[in-house]
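Visitor: Could you walk me through reading this model, feature by feature? I would like the general idea each time, and then the case at hand.

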Amino acid sequence: MTPSASARIVAEVVRAVPLSPGMVRLTLHGESLRDYPSTRVGDEYVRVHFPPEDGELVLPEVDEDGEWHYPDGQYPHIQPYTLRRFDPESAEVDIDFVLHGHGRAGSWAARAVPGDRLLFGAPRSLYEAPGSATRQVFVTDATGLPALGRLLEQLGPATHAVAVVEIADASHRIELTGPDRLEVRWVPGRGNGVAPSAITEILRGLDLPPDTYVWVAGESGELRHARRHLRHERKLPPAWYDVIGYWRHRQEEWLEKYEAVDAATLAELNALWERTEDEELRRDLYEAGLEKLGL
């Protein structure tokens, strides 16, 4: 989504609250948030534009079509983040940051203080459970916790919800609230860059009766296997699951390999998205193409 001029939000940190040794919540205020076009969906996210490591936030110019243009050589670090809370009355949002001990965004959040600023545009959301779903299953690592927390809070009181969360350490558990029939299971010491992810293994061990919607988020490589399990082993209809890659292990290495692929091969790979109108089949073809290239 291209941010629109009317949704260009410059927000200032007003509070920083540690949630666990691995996560901090930043509350940001911006008067223009009073008219923000929130989707109101629990997993809505924005593309956050960060200031340079040694300077102030750079603001882009906005042209008459709403396109953002940065001065040459000043293109910022951009990373998607969930809006954990949106409150138009107070003109505030909460964004929860996983603290990895490295990485531009997490490092910025770890040292953020009141007065620091971020920029983001219009939000997008992906969660869309069928209205007839009586049971919802959520499996994620720590990066999906902000979306999970908001999604659980928005569930109807009669919904039976199951949440399984991989975390780096048992001390990284945070409070999750939702409907009365909420089951939460924590899996410490797996995924999150500290050990191989168990998300697909977790899914294989879960009971998924009819009328169950499944939401999965985490590391992109692991989620290829998770999606295949739901689509090809469980044979769930596409409307009954969402599998969303939130990050990629050793991303810089992956990008280096991707950028080394010749232009003709990349064109063939991207052309796979035009092969069919079936979005899930397109994903099958594209993921198979990436794996063929060692990606």
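Guide: Let us begin with a strand pair: strand E13 (residues 212-219) runs parallel to E14, and six bridges link the two. Strands here are DSSP runs of E, at least two residues long, and helices are runs of H or I of at least four residues, numbered from the N terminus; two strands pair if DSSP finds at least two bridges between them. Within this pair, Val 216 lies opposite Val 243 in E14.

Visitor: Before we go on, what should I know about the model?

Guide: This is a predicted model, in which local features need pLDDT of at least 70 and side-chain atom pairs count only at pLDDT 80 or more, while totals for chains, interfaces and linings use all residues. Residues are numbered from 1 along each chain as its sequence is written, and side-chain values use heavy atoms, leaving out hydrogens and water.

Visitor: What pLDDT does the protein chain average?

Guide: pLDDT is the predictor's confidence in each residue, from 0 to 100. The protein chain averages 93, and 98% of the residues score at least 70. Over residues 1-5, however, the pLDDT is below 50, and this stretch has eleven contacts (heavy atoms within 4.5 Å) beyond near neighbours in sequence. Where pLDDT is low, the predicted coordinates should not be read in detail.

Visitor: What is the strand order in the open sheet of five strands?

Guide: The order is E12-E11-E10-E13-E14, with parallel pairing. Strand E12 (182-188) and strand E14 (241-247) are at the edges with a single partner strand each, so one side of each has no neighbour in the sheet. From one strand to the next, the twist averages 10° (axes are lines fitted to C-alpha atoms, and angles run from 0 to 180 degrees between N-to-C directions).

Visitor: Which strands does E1 pair with?

Guide: Strand E1 (residues 9-20) pairs antiparallel with strand E9 (residues 117-120) over four bridges, and Val 10 stands opposite Leu 119 in E9. Seven bridges also join E1 to strand E2 (residues 23-29), again antiparallel, with Glu 12 opposite His 29 in E2. A hairpin of two residues connects E1 to E2.

Visitor: Which residues other than glycine have a positive phi?

Guide: Most residues other than glycine have a negative phi. Two cases to look at are Arg 40, with a positive phi of about 70°, and Lys 235, with phi near 60°. Arg 40 lies in the loop between E2 and strand E3 (45-50), whereas Lys 235 is in the loop between helix H4 (220-233) and E14.
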